[in-house]
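Let's take a friendly walk through a protein model together. Have a look at the structure below, then read on.

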Amino acid sequence: MTIAVKKRLVPSEKYALKCPNPMTPEYITIHNTANDASAANEISYMTGNSESTSYHFAVDDKEVIQGIPLNRNAWHSGDGTNGTGNRKSIAVEICYSKSGGARYRAAEALAIKFVALLLKERGWGIDKIRKHQDWNGKYCPHRILSEGRWDQVKAAIAAELERLGGKKAPKPSKTETKTGGATYTVKKGDALSVIAQKNDVSMATLQRLNGIKNPNFIKVGQVLKLTDSVSTPTKGKKPSYTLPSGIFKVTSPLTKGTAVKQIQTALAALYYYPDKGAKNNGIDGYYGSKTANAVKRFQSMYGLAADGIYGPKTKAKIEALLK
Ligand SMILES: [Zn+2]
């Protein structure tokens, strides 16, 4: 599959303002526009105004529009003149995030496909994806964050990438210590910020776990703790999931039992938690409104009728993804 990208590039006389530096990208940064403009309007506004703020792509429910060449940097990450986000990452803005709804969901679905293609073209894996928040703490992509769906969006990009035959997620290179916490041994030329990024840990966490006051002073051979909790070692064997046949929906009284638990467990494995944050992520065996909502979110992400009713099509899609 290809996605036609319309180019509405900023004129070169505005390079000094919008994209002054040559760039060899290393990451892709996901944003929400926090307004309700179309991709065309988002890009024409950006290229036409006299602010420095800039981004490479805007994606809405219909199209992808490019405003900045990919070999030049854009100012979108808020991490400063020499920040990695601003200087090394491709910015993708997802439109219509302010009001959300069907238009936004369609824009997000197109962005997921488009980002997977960007990864595929570069031979990159899902580890190259960042959210704006990772660079400077800004609450962006706001809608994805407020709906607690960042893991889910990343998983959808990874699934799409796999479908395209792209690079699979790398096996974690973290080594398990006796206590179960992951560690990293500092090598020559390492910088703490890079170690943090590569291992998906924040700088602040790394400094706190290892009592590092000045991030410029790390020694070759130093063993850094990456996690403070005992992590569950994965042995590389995927758990298998059983899914019930038949139709499940919200009924009065609620349908309950092992079959519902199986649906909930499978959804949670795909990051569609019935109730993230609740005890056992809401896997309680009751087909209530939270489970129906998780089913609905799943269905809308995969182009199924989003009615919150679990049936043969939803079952088939979940099974295909968990295979
Ligand atoms: Zn942003």
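This is a predicted model: local features need pLDDT of at least 70, side-chain atom pairs count only at pLDDT 80 or more; totals for chains, interfaces and linings use all residues.

Helix α11 covers residues 289-301, so to speak a run of 13 residues. From its first C-alpha to its last, α11 reaches 18 Å, close to the 18 Å expected at 1.5 Å a residue.

Which residues of α11 are buried? They are T291, A294, V295, R297, F298, Q299 and M301. Notice that this list includes R297 and Q299 as well as residues such as V295 and F298.

These buried residues are covered by other parts of the chain, including α4, α7 (150-163), α10 (258-269) and α12 (312-322).

## The nonpolar cores

Now let's turn to the inside of the protein. The largest nonpolar core has 56 residues. Within this core, the residues with the most contacts are V59, V92, A111, V115 and I157. Helix α4, made of residues 101-122, gives the most to the core, with 10 residues. The core also draws at least three residues from each of domain 1 (5-163) and domain 3 (258-322).

You can pick out I157 to see some of these contacts up close. Leaving aside residues up to four places away in sequence, I157 touches I112, V115, A116, I126 and I129. There is also a second, separate core of five residues, and among them are Y184, L206, L224 and L226.

## The chain as a whole

Let's step back. The chain has 12 helices and nine strands. Its domain assignment gives domain 1 (5-163), domain 2 (175-225) and domain 3 (258-322). The centres of domain 2 and domain 3, taken over C-alpha atoms, are separated by 37 Å.

How does the overall size compare with that of a compact globule? For 323 residues, such a globule would have a radius of gyration near 20 Å, and the chain agrees with this at 21 Å. Along the principal axes, the C-alpha atoms fill a box of roughly 65 × 50 × 30 Å.

Of the 323 residues, 33% count as buried. Finally, consider contacts in the chain with a separation of 6 or more: residues 24 or more positions apart account for 65% of them.

Terms used: Residues are numbered from 1 along each chain as its sequence is written. Domain bounds come from an automatic or database domain assignment. Helices (H or I, at least four residues) and strands (E, at least two) are DSSP runs, numbered from the N terminus. The radius of gyration is taken over C-alpha atoms; the globule rule is 2.2 Å times the number of residues to the power 0.38. A residue is buried if 20 or more other C-beta atoms lie within 10 Å of its own, exposed if 12 or fewer, and partly exposed in between; C-beta atoms are placed from the backbone. Two residues are in contact if their C-beta atoms, placed from the backbone, lie within 7 Å. A nonpolar core is a set of buried Ala, Val, Leu, Ile, Met, Phe, Trp, Tyr and Cys residues joined through C-beta atoms within 7 Å. The expected span of a helix is 1.5 Å times one less than its number of residues.
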